[in-house]
Amino acid sequence: MTELHPELRENVRMLGELLGQSIRRYPGQHCYELIEEIRAAAKADRRQESGSGQRLVNLLGKLSDDELLPVTRAFNQFLNLANLAEQYHGIRRKRGHQSDLMIESLGEVFARLKSQDVTPEELHKRVADLRIEFVLTAHPTEVARRTLIMKYDEMSDCLARLDHDDLMPAEREEIVGRLSQLVSEAWHTDEIRHERPTAVDEAKWGFAVIENSLWEALPQFLRSLDTSLQDATGQGLPLQASPIRIASWMGGDRDGNPNVTHSVTRRVFLLGRWMAADLYLRDIQSLRAELSMWQASDELKAVAGNSREPYRHVLADLRERLIKTRDWAEASVNGDAADPTGILFENEDFTGPLELCYRSLIECGLEDIANGPLLDTIRRAHTFGLPLIRLDIRQEATRHAEAVAEMVDYLGLGNYLSWSEQERQAFLVQELQGRRPLVPRNWEPSESVREVLATCEVVAQQTPEALGSYVISMASKPSDVLSVILLLRESGMRFPMRVVPLFETLDDLRGAPESMAALYEVEWYREYCQGRQEVMIGYSDSSKDAGQLMAAWAQYQAQEKLTRVARQYGVHLTLFHGRGGTVGRGGGPANRAILSQPPGSVNGSFRITEQGEMIRFKFGLPRLAIQSLTLYTTAVIEATLAPPPEPEDSWRDTMDWLTERSLAAYRDVVRENPDFVPYFRQVTPEQALGKLSLGSRPARRKATGGVESLRAIPWIFAWTQMRLMLPSWLGSDVALEDAAAENRLPILREMMQGWPFFRTYVDMLEMVLAKADLRIASYYEQTLLDDERLKSLGESLRMRLRGCIERLLELKEQSDLLEGEPVFAHSMRVRSPYTDPLHYLQAELLRRDRESEGKGEVPELVERALKVTMAGIAAGMRNTG
């Protein structure tokens with residue numbers, strides 16, 4: 001059995017002891033001893049010692065209302081501290097030490113590609129043209145409050161300082177003392193948000209990730225990429241290259257979120273410029289201290305005049321303009337009149353003077369100075385720009401159709417919504433080719449259409465660097481795309497914005513290639529998109545619609561066909577992957593996911609959503625961010641230059657055979673069984689999730705309705721909380737059972753060996769099955785279900801889960817889950833004595849909560865403790881939705 005690395009184990013032990021000291025001080029020794037007794041019982045229960053399970057349940061059952069909260073908080077807090085220690089361990093650098101999460105360096109990947117006959121010229125061109133865009137989304141999965149996240153970040157810093165071998169005893173004592181203070185502060189801080197964050201709060205959280213981590217990490221990563229590329233090809237990264245970009249949905253995603261209005265979006269654009277001006281101002285102040293030299297090129301002297309310190313002269317002008325920009329943005333955010341004269345709005349106004357200084361230093365032989373902090377600021381300017389982040393807009397297709405329909409109706413041209421697709425296209429293209437405005441100034445649209453148009457006006461006022469993509473959910477026809485372009489043009493848009501259809505249900509994915517071919521057939525549109533197109537693949541809704549196995553195969557086939565169609569029309573396609581953090585929403589290790597994409601589909605460009613707690617796990621600390629950027633970049637370069645081979649026809653046939661069975665089995669339960677929705681509602685904390693105030697977006701698209709109306713995130717969150725993990729394996733159980741019965745396991749093993757897509761799918765299934773827990777799921781059923789029919793359904797699902805585990809072990813020829821992932825397996829075991837009590841408590845608290853609701857009022861301590869169990873289990877599982 002693999003143990004935790006000794007230094008990781010020591011950090012976990014130390015943080016646990018410091019937490020214990022805080023608990024002893026408050027609420028006191030009695031509470032501390034009670035928590036220790038519960039933890040010991042949970043450990044014994046995991047070792048399956050006789051009577052231990054009943055002892056744990058009895059201990060938890062006897063807790064008074066006053067004891068509930070400190071006990072749940074203690075286990076939650078320990079799990080967050082264990083996460084922190086693991087996260088730090090993944091990036092720690094110490095002599096003679098290799099973290100368990102060491103990743104392949106850029107240089108190693110470049111060397112391997114060259115050994116596979118990739119020429120230095122081809123490698124350099126591909127890296128120089130690389131486009132990887134991370135889209136931060138405010139999906140409500142970040143359970144931890146920002147105030148606690150900041151304390152955890154400082155704790156990580158303390159662990160890094162303790163890693164030095166040359167500390168004096170007094171220095172060590174000082175660091176441990178600070179760590180103790182931080183643990184105590186966290187223990188005495190309410191871990192639950194009591195008010196739902198606004199869309200603007202979420203956007204500010206996204207900006208904070210840039211300020212606290214990516215601002216420092218990105219230039220460091222690009223330095224490493226530049227050096228590795230220089231070593232491999234003899235040429236470095238071009239000065240203006242921006243292989244990494246950061247975009248956001250926070251404040252731009254209005255699909256199903258009535259809280260995101262045009263005024264919110266305008267405010268977020270302005271806040272981004274305010275924050276960017278403030279960050280660049282710090283850079284420019286530092287550069288003025290650095291660039292005190294007098295040698296300058298004639299080009300620079302022509303700008304700086306007779307100044308003895310020409311670089312400082314140019315930077316002083318930039319500083320003044322940045323101050324004006326910051327003040328203008330602040331006044332605009334606050335709704336005050338603001339004078340835009342002299343502000344920095346277009347990116348070239350900022351990058352131009354910086355690059356002038358750079359060229360001058362190079363010309364004067366001062367390359368080492370040019371390639372110092374000045375280069376870092378230039379790289380930031382090309383990556384983040386003056387808007388700081390590229391904001392995506394997302395809206396549902398019918399909202400645009402309604403807006404065009406009202407215009408057409410007002411002009412007396414007919415009923416747009418009743419027109420055929422050909423009629424709609426003909427009208428839209430004719431209007432787009434013309435120059436006259438479609439809508440007279442005095443037109444009064446309905447409230448919902450006015451909001452769509454007001455959003456388009458806000459978008460039209462931005463620079464290209466401020467905008468990501470305009471994503472259309474539920475898009476299925478060329479007119480869905482053309483109508484958005486028309487609405488933007490009517491609102492004053494002066495340049496072509498990327499308009500991106502999102503295909504997310506099973507039917508959408510199947511119809512996507514035909515939809516895109518129809519769009520490329522529109523000659524006007526081919527000129528508009530200038531040979532580049534982005535298409536978004538939704539992972540969450542397709543998994544909820546069809547089950548994980550069918551969804552994964554449909555996504556793979558859609559990407560293959562979309563790539564082929566784009567190639568036929570001479571269009572460069574970028575696939576935008578709408579993945580979540582969990583396997584049930586397309587999550588999993590990033591590099592393996594990228595390397596298992598269909599050959600040709602990762603063609604030097606890649607766009608992906610990063611959400612909630614996954615943003616923190618991947619980008620929360622600068623060194624963590626550098627590691628994540630390296631991981632993604634090496635995978636995208638490798639998938640571009642050395643893609644996996646095409647799957648064999650027999651493998652495709654086998655996937656069709658498997659998914660036919662998995663789809664029927666999944667829908668038979670989720671859609672056809674009348675007991676399923678009542679079972680889901682009663683056995684999971686789904687209906688209590690709204691109390692967590694996780695995000696600005698409602699958990700449901702509609703106030704009533706079944707599973708189809710539920711968003712993918714609470715759907716996954718709820719099953720994860722009670723450890724049945726149903727969305728990630730339901731359907732696969734029957735497919736694997738039938739495969740074993742018909743002697744198809746040998747071909748499945750062959751597919752695992754030769755096809756990265758299938759291998760990754762099986763490994764992800766194994767990971768999620770390892771997180772499932774039959775005993776805990778059974779306990780929720782015993783505690784929360786009265787109806788015998790629902791109990792019977794639960795028992796059948798648990799039997800199927802057990803069968804799925806057995807078949808997977810047979811397929812992989814293993815005796816235990818995670819034999820190939822011993823570190824992850826041990827991490828799960830270490831967490832069990834802390835997550836188990838939270839599960840048992842949650843089931844009991846849900847019962848009390850529901851009983852109290854029936855009587856009219858839920859005791860505050862019960863409700864708070866219930867929220868803490870949800871947060872703690874999410875921390876223990878390392879993801880929510």
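1. Let's start with R564: it is partly exposed, with a relative accessible area of 42%. On this scale, buried means under 20% relative accessible area, exposed means over 50%, and partly exposed lies in between (1.4 Å probe, protein chains only). R564 sits in helix α22 (residues 548-568). Helices here are DSSP runs of H or I with at least four residues, strands are runs of E with at least two, and both are numbered from the N terminus.

2. A quick word on the source: this is a predicted model, where local features need pLDDT of at least 70 and side-chain atom pairs count only at pLDDT 80 or more, while totals for chains, interfaces and linings use all residues. Residues are numbered from 1 along each chain as its sequence is written, and side-chain values use heavy atoms, leaving out hydrogens and water.

3. Patches take residues with over 30% relative accessible area and no salt bridge, joining like charges within 9 Å and nonpolar side chains (Val, Leu, Ile, Met, Phe, Trp, Tyr) within 5 Å. A salt bridge is a side-chain nitrogen of Lys or Arg within 4 Å of a carboxyl oxygen of Asp or Glu.

4. Which helix gives the most to the negative patch? That's helix α26 (residues 649-670), with 4 residues. D649 is found in this helix, and its relative accessibility of 57% is why D649 counts as exposed.

5. There's a nonpolar surface patch too, formed by Y410, L411 and L413, with about 260 Å² of accessible area together. Accessible areas come from the Shrake-Rupley method with a 1.4 Å probe, and for residues only the protein chains shown count as cover. Y410 belongs to helix α15 (residues 397-410); at 41% relative accessibility, Y410 counts as partly exposed.

6. Is strand β6 (residues 532-538) largely enclosed or open? Largely enclosed by the rest of the structure, because 6 of its 7 residues are buried.

7. Strand β6 has parallel partners. Strand β5 (residues 498-503) is joined to β6 by 2 bridges, and L502 has M536 in β6 as its bridge partner. Strand β7 (residues 572-578) pairs with β6 over 7 bridges, also in the parallel sense, and I537 stands opposite H577 in β7. Two strands pair if DSSP finds at least two bridges between them.
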